[in-house]
Amino acid sequence: VPMAGDCRLAPLDGTPNPPCTHIPGAAGPWIERHLRIGGEGVHVTVPRDSRPIDILLIEDDPGDQLITREAFADNKIKNVLHVAHDGEEGLDFLYRRGAHDGAPRPDLILLDLNLPKYDGRQLLEKVKSDIELCDIPIVVLTTSSAQEDILRSYKLHANAYVTKPVDLDQFLSAVRQIDDFFVQVVRLPRG
């Protein structure tokens, strides 16, 4: 039974939580989270999977790699962040080639669009057209806010498009929100 009230959880982005509706979960290992949906607060209790989530970050910028790694570590969720430094290495990881022989199948991909060696748009198209990989959710995480990139990414079946904020705190918050949604709230397909 949902219960109305003030949320006791600390907000992720530093702003006060609005009054929220508490939705309790059933028995088992659970995580409590406060989410904002259309400005309304919703406090949810969601199941915590027993195994860590494998996340593949395909990003060429070392600074963005570090910020993303820190954001996931700060969220204290058991997940494994793998980093591919360009599009070609991303494909090698996904197809378990070369140095990535035996790599785990990622449960989630965070993809920059502007990559050396193999463009992120091409990689998105290739993954989503491959019967073995097409069910892996892909979040485009990029500096581009160009409408044509957004539209093309969704036409290529990206699951979400997030423009990287320039501000460090906003960037950390954006990555934490991706973590909250894709790792803790939704059910990901298992390979």
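**Sheet, helices and salt bridges of the predicted chain**

Helix α2 (residues 87–94) lies across β5 (53–58), β6 and β7 (108–111). Helix α2 runs at about 155° to β5. The angle is taken between N-to-C directions on a scale from 0 to 180 degrees, with axes as lines fitted to C-alpha atoms, for helices over the stretch in contact. Contact means heavy atoms within 4.5 Å. The model is predicted, so local features need pLDDT of at least 70 and side-chain atom pairs count only at pLDDT 80 or more, while totals for chains, interfaces and linings use all residues. Residues are numbered from 1 along each chain as its sequence is written, and side-chain values use heavy atoms, with hydrogens and water left out.

The chain holds 5 helices and 9 strands. These are DSSP runs numbered from the N terminus: helices are H or I with at least four residues, strands are E with at least two. From the N terminus, the order of elements is β-β-β-β-β-α-β-α-β-α-β-α-β-α. The chain has 191 residues, and 47% of them count as buried. Buried means under 20% relative accessible area, exposed means over 50%, and partly exposed lies in between (1.4 Å probe, protein chains only). The accessible surface of the chain comes to about 10000 Å². Carbon and sulfur atoms account for 54% of that surface. The areas come from the Shrake-Rupley method with a 1.4 Å probe; for residues, only the protein chains shown count as cover. Among contacts with a separation of 6 or more, 55% join residues 24 or more positions apart.

Five strands form an open sheet in the order β6-β5-β7-β8-β9. The pairing is parallel. Two strands pair if DSSP finds at least two bridges between them. The edges are β6 (79–84) and β9 (160–163), each of which pairs on one side only. Neighbouring strands of this sheet are turned by 20° against each other on average, direction ignored. Strand β8 (residues 138–142) pairs with β9 in the parallel sense over 4 bridges. Within β9, Tyr 161 stands opposite Val 140.

An α-helix has 3.6 residues a turn, so residues three or four places apart point the same way.

Most residues other than glycine have a negative phi. Lys 117 is not a glycine, yet has a positive phi of about 70°. At 62% relative accessibility, Lys 117 counts as exposed. His 157 also has a positive phi, of about 75°, although it is not a glycine. His 157 lies in the loop between α4 (147–155) and β9. The relative accessible area of His 157 is 53%, so His 157 is exposed.

A search of the whole structure finds 8 salt bridges. A salt bridge here is a side-chain nitrogen of Lys or Arg within 4 Å of a carboxyl oxygen of Asp or Glu. One of them joins Glu 59 and Lys 164 (2.5 Å, N to O). This pair links distant parts of the chain, 105 residues apart. Glu 59 sits in the loop between β5 and α1 (62–74), and Lys 164 in the loop between β9 and α5 (168–185). Both Glu 59 and Lys 164 are buried. Lys 164 also meets Asp 64 in a salt bridge (2.8 Å, N to O). Asp 64 lies in helix α1, 100 residues from Lys 164. Asp 64 is buried as well.

Asp 135 forms a salt bridge with Arg 105, with the closest N and O atoms 2.4 Å apart. Asp 135 lies in the loop between α3 and β8, and Arg 105 in the loop between α2 and β7, so the pair ties together parts that are 30 residues apart in sequence. Asp 135 has 36% relative accessibility and counts as partly exposed. Arg 105, at 18%, counts as buried. Salt bridges that share partners join Glu 59, Asp 64, Asp 112 and Lys 164 into one network.
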